[in-house]
Amino acid sequence: MRIVSFGFQTWGRKTLAALIDSEHEVVLAVTHPASESSYKAIWNDSVEELAREHGIAVHLTERADAETIDLVKRAEPDVIVVNSWYTWMPPELYKLPPFGTLNLHDSLLPKFTGFSPVLWALISGSAEFGLTVHRMDEQLDTGDILVQHKLPIPAGATGTELVLAGMELIPGAVHEALAALTDGTARWRPQNKADRTYFHKRSDCDSRVDFAWDAVDLERFVRALSEPYPRAFSHYRGERIEILAATISEARYGGTAGRVIVQEGGGAVVCGPNPVRGNNHALVITRVRTADGIEHDGAEFFVRGGYLTDSPE
């Protein structure tokens, strides 16, 4: 088959590498220009570089405009394969090839459609995540499913570890999907739209710690926002601090949510619903980083006690 790839960042590069390693011909690689924006600069291995190394024609564009559609038409693909493409694709484009357009999405659709699905899966307490290859249609991540691979979310896993594990599913899923198309064994499974969950793009405020959450959720939140992602943050004595590591307390703590006490090897923060009842475990913060980039042991940093707050006070 003749294949046109649309992709960006490490996800797009790994997908293009899998296509190159297949028995099929990649006739055009469409990708975005390099970006300095916070999320686009994460996992930014170059699709363009890999394509040029293999003599594949490259088209750089921010969106699927008229020029892009014309180039794809002239490439005469049998299928388009997409992974990590940031802008809308019109029906004129995704319906163009005989086999349509395959999109790779790193969740178990119809759950976690939208953005940053691996991080949201960990934050929300999901037991598993994975990769879905589905047919592109008029909505975001809602088309019929062709291939789906699952992985468990292990206890103690970080968001970074899960993202990397999910990327390792790409080659197998790509090869399985292409084989199903070429040998006529493709079985398309419609998504149940009633089971769909949608998660929005993450921004800075989504990394702020909310001490109304219970300690189990907060500990998982801190793990999800691991390097190179923006870290979980709060404010202490007027300064924004990043929370790098935390555990769940053994004892239960009561009082006002956000109150930090040096206990159990770190700063034990009162949290959770109805904290005045004293029924909740605390989030024990064991490592923080201040605005000057210096990291601190939690017990030493919080030695004066006080409160963690939503904004500087």
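Modeller: Ala, Val, Leu, Ile, Met, Phe, Trp, Tyr, Cys and Pro count as nonpolar, Asp, Glu, Lys and Arg as charged, and the others, Gly among them, as polar. The model is predicted, with local features needing pLDDT of at least 70 and side-chain atom pairs counting only at pLDDT 80 or more, while totals for chains, interfaces and linings use all residues. Residues are numbered from 1 along each chain as its sequence is written, and side-chain values use heavy atoms, without hydrogens and water.

Colleague: How is the second largest pocket to be read, and which residues lie nearest its centre?

Modeller: On a 1 Å grid over the protein atoms alone, a pocket is an open set of points where a 1.4 Å probe fits, with protein on both sides within 12 Å along at least five of seven lines; lining residues have an atom within 4 Å of a point. Here 15 residues line the second largest pocket, and Phe8, Pro33, Ala34, Asn44 and Ser46 are nearest its centre. By class, this lining has five nonpolar, six polar and four charged residues.

Colleague: What volume does the second largest pocket have, and how much space lies in the largest?

Modeller: A volume is the space filled by probe spheres set on the grid points, which are joined across faces, edges and corners. The second largest pocket has about 190 Å³, and the largest pocket holds about 990 Å³. The largest pocket is lined by 39 residues, with Ser84, Trp85, Tyr86, Gly114 and Phe115 closest to its centre. Two or more lining residues come from each of α1, β4 (79-83), α4 (91-94), β5 (101-105) and α5 (117-124). These labels follow DSSP runs numbered from the N terminus: helices are H or I with at least four residues, and strands are E with at least two. The lining of the largest pocket comprises 20 nonpolar, twelve polar and seven charged residues.

Colleague: At what angle do α1 and α7 pack?

Modeller: Two packed helices are described by the angle between their axes and the distance between the axes. Axes are lines fitted to C-alpha atoms, for helices over the stretch in contact, and angles run from 0 to 180 degrees between N-to-C directions. Helix α1 (residues 9-20) packs on helix α7 (residues 170-182) at about 50°, with axes 9 Å apart. That makes α1 oblique to α7, since angles under 35 degrees count as roughly parallel, over 145 as roughly antiparallel, 65 to 115 as roughly perpendicular and the rest as oblique. The crossing of α1 and α7 is right-handed, meaning that the near helix is turned clockwise from the far one by less than a right angle. In contact (heavy atoms within 4.5 Å) are Trp11, Lys14, Thr15, Ala18 and Leu19 of α1 with Ile170, Pro171, Val174, His175 and Leu178 of α7. Seven nonpolar, two polar and one charged residues make up this contact of α1 with α7.

Colleague: How is α5 oriented to α8, roughly parallel or roughly antiparallel?

Modeller: The axes of α5 and helix α8 (residues 215-224) are 8 Å apart, at an angle of about 160°. α5 is therefore roughly antiparallel to α8. Leu119, Leu122, Ile123 and Ser124 of α5 meet Arg220, Phe221, Arg223 and Ala224 of α8.

Colleague: Where do the axes of α5 and α6 stand?

Modeller: α5 and helix α6 (residues 159-167) cross at roughly 130°, their axes coming within 9 Å. They are therefore oblique to each other. Val118, Leu119 and Leu122 of α5 contact Gly159, Leu162 and Val163 of α6. By class, the contact of α5 with α6 has five nonpolar, one polar and no charged residues.
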